[in-house]
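Please look at the structure shown here.

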Amino acid sequence: MPTPAIELRHVTKRFLTPSGTAYTALRDLDLAVGDGEFCAVVGPTGCGKSTTLALISGLELPSEGEVLVGGAPVQRVGRDVGYVFQVDAVFPWKSVLDNVATGPRFRGINRREAEERARDWIKRVGLAGFERYYPHQLSGGMRKRAALAQTLINEPRFLLMDEPFSALDVQTRTLMENELLQLWSATRASVVFVTHDLEEAIALADRVVVITAGPGTVKGVYRVDLPRPRNVAEIRFQPEFSRIYQEIWNDLRDEVLVSYERSKRVVS
Amino acid sequence: MLLLGVWEIGTMKDATHPDGFWIDPFFYGRPSSIANQLWTWAQNGTAQGPLWLQVATTLEEAALGFLIGVGLGVVFGVALGRVRLLADVFAPYIKALNAMPRIVLGSIFILTIGYNIWSKVALAVVLVFFVVFFNAFQGVREVDRVLIANARILGAKERQLSTDVIFPSALSWILASLHTSFGFALVGAVVGEYLGAYQGIGLMISTAQGTFNPSGVFAAMFILAVVALSAEVALTWLENRLIKWRPNTVTADARI
């Protein structure tokens, strides 16, 4: 078997809570993502999905175990990693053009060339004409496009996405999912896409990994053998889609219930 | 206007009311004599020299104190906000200095630096520094964690984090403090002059007080108000230029 692009081996991550106790976000997690594979990670709220991405990106280091990206252990924020955040992470004081050009500028490319590349990416994500706008003047969907361009301009070999479309309305979301697949098929980066939406996961991914309610560990891994290129809006009606959905949902349901019971206990 | 009218009429004198109708003009002055005083100053100059020189002196002291204080405040605020160790080391000293009524330093500055403008500048710097420092410090601490994470992923080095993320993000906090701090710079300049100077509006007030001339005190206050308002307008203009990326809903209203 070839070396996986991204690999987590027996990873445990503990955080110190403000009260001084240790909180275990992930326990003994194993995960491998192949080269150029689109892997979706689903799980109930608070199961450590975002922590997984933070570990792969190098923003956080594991308490135990090993995280390998491109075959090498992660020690700091990697150069080849792109990360699309759940909340808005574009810089509010920069115009769309400056926002998208930020990555190349940080990496020492001169302004002219960085802006040229930024214009190209702005066109690719469908924001042409909005170069001079500030983020607060854009809609949520347009800000997400800007964030996507900002990440993809660095041509990451490993693309991490943390519920990127969860704040969007359903129509915009379907549109963005299709566009993401298109952009991805041109780059063939290895993707880890975190979501709590099982439909989104199946529609986009080659493989779906279900994580248990926190502390998170892998509950099951499922292949999605739907043909590409896919149309996210239509793929949901295929019988194969429903079959996979049911199979995964059986596993996921238990975890969602556990997480739900727990949150009820906290409230009461 | 009503207040001015009542004040003017209340301080009118005639044979039966040598101390004015209701208000004694000897202590409270009267609007017409204040205007008169302003006119005299503008025409003939003040006891210390021409009026424009007094205004220019005070303004120079306040502006220098403001610029130096803001510069130091921003540098220290950002540095201590960024580096935990520095914050832990300096925090007790800064808190102790801040707790002190810093106006009393004015006397020390007059003694050590002398009657020239630099003793007033020093007092203004001390007053301005803390306002800006605490705002800059807080602004740095409040920077959105996600923005920092995003910048690091995009390839920012530590220095780029400071210049491209943390400083612009803290800028709205810093700018908000500028309104308050220019007021403090004026306080520093005027109080410094009041304590001892060759020129300036503070000295005019002190002289007027010494010669039982309430109109002179009020007239000098009027000049100060005009100076402060002009500075406020200039700062608001600067603020709007520097953070034009911000949606207009955020408070841009005057803080004096």
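In chain A of this predicted model, residues 24 or more positions apart account for 69% of the contacts with a separation of 6 or more. The secondary structure of this chain comes to eight helices and ten strands. Along the principal axes, the C-alpha atoms of chain A fill a box of roughly 50 × 50 × 45 Å. The radius of gyration of chain A is 19 Å, which agrees with the value near 18 Å that a compact globule of 268 residues would have. Of the 268 residues in chain A, 43% are buried.

Next comes a sheet in chain A. Four strands form an open sheet in the order β2-β1-β4-β5, with antiparallel pairing. Strands β2 (22–33) and β5 (72–73) of chain A each have a single partner strand, so they stand at the edges and one side of each is left without a neighbour in the sheet. Helix α1 (residues 49–57) of chain A packs on the sheet and touches β1, β2 and β4 of chain A. The direction of this helix makes about 115 degrees with that of β1(A). Strand β1 (residues 6–16) and strand β4 (residues 64–69) of chain A run antiparallel and are joined by five bridges. Across this pair, Glu7(A) stands opposite Leu68(A) in β4(A).

In soluble globular proteins, nonpolar side chains tend to be buried together. The largest nonpolar core here has 132 residues, and Val192(A) and Val128(B) touch the most other members. Helix α7 (residues 117–141) of chain B gives the most to this core, with 17 residues. Leaving aside residues up to four places away in sequence, Val192(A) touches Ile6(A), Val33(A), Cys39(A), Val41(A), Leu53(A), Ile56(A) and Leu160(A).

Note on methods. Residues numbered from 1 in each chain as written. Chains lettered and ligands numbered in written order. Predicted model: local features only at pLDDT ≥ 70, side-chain atom pairs only at ≥ 80, totals over all residues. Core = buried A, V, L, I, M, F, W, Y, C linked by C-beta atoms within 7 Å. Buried ≥ 20, exposed ≤ 12 C-beta atoms within 10 Å, placed from the backbone. Helix = DSSP H or I, 4+ residues; strand = E, 2+ residues; numbered from the N terminus. Contact = placed C-beta atoms within 7 Å. Rg over C-alpha atoms; globule rule 2.2 N^0.38 Å. Pairing = 2+ DSSP bridges. Axes fitted to C-alpha atoms, helices over the stretch in contact; angles between N-to-C directions.
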